[in-house]
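Let's walk through this fold together, one question at a time. Keep the sequence and the 3D view open as you read.

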Amino acid sequence: IKQFFLNMELTESLDNLSFLKRMNRCWQDHCRQTIMIRSIFLFLDRTYVLQNSLVAFDKVDTGLELFRTHIVSDSAVQKRTVDGILEQIELERNGETVDRSLIRSLLGMLSDLQVYKDSFEERFLVETNRLYAAEGQRLTQERDVPEYLHHVAHRLEEENDRIMSYLDQSTQKPLISCVEKQLLGEHITAMLQKGLRILLDENRVAELALLYQLFSKVKGGLPTLLQFWRDYIKSFGGEIVCTPEKDKDMVQDLLDFKDKMDNVAQSCFTRSEGFINAMKEAFETFINKRPNKPAELIAKYVDSKLRAGNKEATEEELERILDKIMIIFRFIHGKDVFEAFYKKDLAKRLLVGKSASVDAEKSMLSKLKHECGAAFTSKLEGMFKDMELSKDIMIQFKQYIQNQSEPSNIELTVNILTMGYWPSYIPMEVHLPPEMVKLQEVFKLFYLGKHSGRKLQWQPTLGHAVLKAEFKEGKKELQVSLFQTLVLLMFNEGEEFSMEEIRAATGIEEEELRRTLQSLACGKARVLNKNPRGKDVEDGDRFNFNNDFKHKLFRIKINQIQMKETVEEQVSTTERVFQDRQYQIDAAVVRIMKMRKTLSHNLLVSELYNQLKFPVKPGDLKKRIESLIDRDYMERDKETPNQYHYVA
């Protein structure tokens, strides 16, 4: 048989496929004949062999041993068989159709003969390694990352299908490991550099999920992906925060970016704790690259959402927006900056009645309290208490007024503000009409009669009024600021006034007066005429009452320009925060030194960093320590200058 096989099968005229078919036929015939022999000897096995154990042997094992010894162990036969199988697998990998049943039968033969691993598997893995190393090198250059990822997934699917169809199960682990290493493991960094930013920018969720799934299979894949993901967030977020031209949309951009990254972490990265923590760390890093500004803009964004006239959100949507804002707020180090601007905007909303919803205001206050503690919100809560107490006081005042012998025809509403709770306002002396002055005195008499020892300081910059006005079209009501009121009341006494005359009569500071006249004569509701016409108010401009004024509404609100934040207000708010920080540093130093009595400079600085809740530079701490030494709160050690003692 062996001679016949060699003469017939190893001729040059037979191609590899024909050889494989002949080999398979020979194997099948041999198996069939072995089974036939076993069947012939079955009677003897059950009778004679049972009585003579020395002559027992397994016909199938002997048949396999004979085939292995005389045919497959022949190096030429084995080489050509394995070459033929590898050729068929390579053809299939290149997209051609092959006879899988033939390959399955021949590989089954090698496995049954116990030569599968040595004769086939080792060469198969070497060829696979070579093929995919070349393919990975070529395709990473030629294809974009999404296309390449789909190709890798397809290749892995094909190889798993091969294992199910004809390869031995023992080959699965080394084969898949080889494919993953050559197509993924060798190109992790190159793929991420080339395509991760594009995938994230374009929000390619499906490809990002595939990227995560594939990278989780290779050593070092996920840690490298996590690092690139963290760097991307820092880079993209840094552009949002550190580009002053985009300040107007910064907070909305941050919220959208956070939503997008949350979705990627949830949908693509299987809510991996490592990736979520990396995202939080990256957000905290980039949002504090530009100190103070994000905190200020977040406070203003909250103001825009809580202000009356915000029609874009229902109460449920507003609550959801506030929750998202709080997530961004957590990343900010300088929370005192947020508090300062939030307090200033809250004051405007409460005093001008611009708050959209008391429930929403209290909900936001509750969130801040939960996040930062009661000390953070105590002043804000005090502002709400002042407003509620003011309502009760006004009920009592109205009853008091009714009992007066000369009741006023002006209806006065006063808000009593505790100075420590509210933002500080620069007092401005203006000339009020006698009726207003008289009414102020009546209220002062009433209030101090109930609360002796207190001091009242009027704040005209925060006042507003409703005036009744008569035009040719008919009667209207004008909702205006106190400064606008003082200007308009002058036109009861005369037809036309210059800017200088108005300033002398009202006592309003020049820049404030320009903004006030601009709102009355150059805005949408022009109740005054300006001569000469123009958008800006200049020295020498004259103003007269616009009797021809028309408007579809009965009550018209004229924009209160003095309530809009100026650059000076922004700077002064920030300066107040820095001043407060100095007091907090001083208090923390004294508190630590009082407890420790003696401390080295490094340990004191370390303790301060643990206690202070805002970012501070070592140089600033050193200045405050020097200031406290100058004021005799502490002293340097005479022998060791780097050591301090508390002075009782």
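Q: Over how many bridges do strand 3 and strand 5 pair?
A: Happy to start here, with the note that this is a predicted model. Strand 5 covers residues 542–545, and strand 3 pairs with strand 5 in the antiparallel sense. Within this pairing, F497 stands opposite F543 of strand 5. The number of bridges between strand 3 and strand 5 is 3.

Q: Through how many residues does a hairpin join strand 1 to strand 2?
A: Strand 1 (residues 464–471) and strand 2 (residues 474–481) pair in the antiparallel sense over 8 bridges. In this pair, L467 stands opposite L478 of strand 2. The hairpin that joins strand 1 to strand 2 has 2 residues.

Q: What is the bridge partner of L478 in strand 6?
A: Strand 2 and strand 6 (residues 555–557) run parallel and are joined by 3 bridges. L478 also stands opposite L467 in the pairing of strand 1 with strand 2. In strand 6, the partner of L478 is I556.

Q: Is G453 buried or exposed?
A: G453 sits in the loop between helix 21 (434–450) and strand 1. Its relative accessibility is 85%, and the cut-off for exposed is over 50%. G453 therefore counts as exposed.

Q: What distance separates the C-alpha atoms of G453 and G136?
A: Along the chain, G453 and G136 are 317 residues apart.

Q: Are helix 17 and helix 19 roughly parallel or roughly perpendicular to each other?
A: The axes of helix 17 (residues 315–330) and helix 19 (residues 358–372) come within 11 Å and cross at roughly 25°. Angles under 35 degrees count as roughly parallel. Helix 17 and helix 19 are therefore roughly parallel.

Q: What handedness does the crossing of helix 17 with helix 19 have?
A: The two axes cross at roughly 25°. As helix 17 passes helix 19, the crossing is right-handed.

Q: How many residues in the contact of helix 17 with helix 19 are nonpolar?
A: Helix 17 contributes residues including L318, L322 and F329, and helix 19 contributes residues including M364, L368 and C372. The contact also has 1 polar and 5 charged residues. The nonpolar residues number 9.

Q: How are helix 14 and helix 17 oriented to each other?
A: Helix 14 (residues 250–267) packs against helix 17 at about 95°, with the axes 10 Å apart. V251, L254, L255, K258 and D259 of helix 14 meet K324, I325, I327 and I328 of helix 17. By class, this contact has 6 nonpolar, no polar and 3 charged residues. The angle makes the two helices roughly perpendicular.

Q: How many charged residues does the contact of helix 18 with helix 20 have?
A: The axes of helix 18 (residues 335–351) and helix 20 (residues 374–402) come within 10 Å and cross at roughly 5°. That makes helix 18 roughly parallel to helix 20. Among the residues in contact are F338 and Y342 of helix 18 and F376 and F384 of helix 20. The contact has 11 nonpolar and no polar residues, and its charged residues number 4.

Q: In strand 9, what is the bridge partner of R636?
A: Strand 8 and strand 9 (residues 643–646) run antiparallel and are joined by 3 bridges. They belong to an open sheet of 3 strands in the order 7-9-8. The partner of R636 in strand 9 is Y644.

How values were computed:
Residues are numbered from 1 along each chain as its sequence is written. This is a predicted model: local features need pLDDT of at least 70, side-chain atom pairs count only at pLDDT 80 or more; totals for chains, interfaces and linings use all residues. Side-chain values use heavy atoms; hydrogens and water are left out. Two strands pair if DSSP finds at least two bridges between them. Helices (H or I, at least four residues) and strands (E, at least two) are DSSP runs, numbered from the N terminus. Axes are lines fitted to C-alpha atoms, for helices over the stretch in contact, and angles run from 0 to 180 degrees between N-to-C directions. Angles under 35 degrees count as roughly parallel, over 145 as roughly antiparallel, 65 to 115 as roughly perpendicular and the rest as oblique. A crossing is left-handed if the near helix is turned anticlockwise from the far one by less than a right angle, and right-handed if clockwise. Contact means heavy atoms within 4.5 Å. Ala, Val, Leu, Ile, Met, Phe, Trp, Tyr, Cys and Pro count as nonpolar, Asp, Glu, Lys and Arg as charged, and the others, Gly among them, as polar. Buried means under 20% relative accessible area, exposed over 50%, partly exposed in between (1.4 Å probe, protein chains only).
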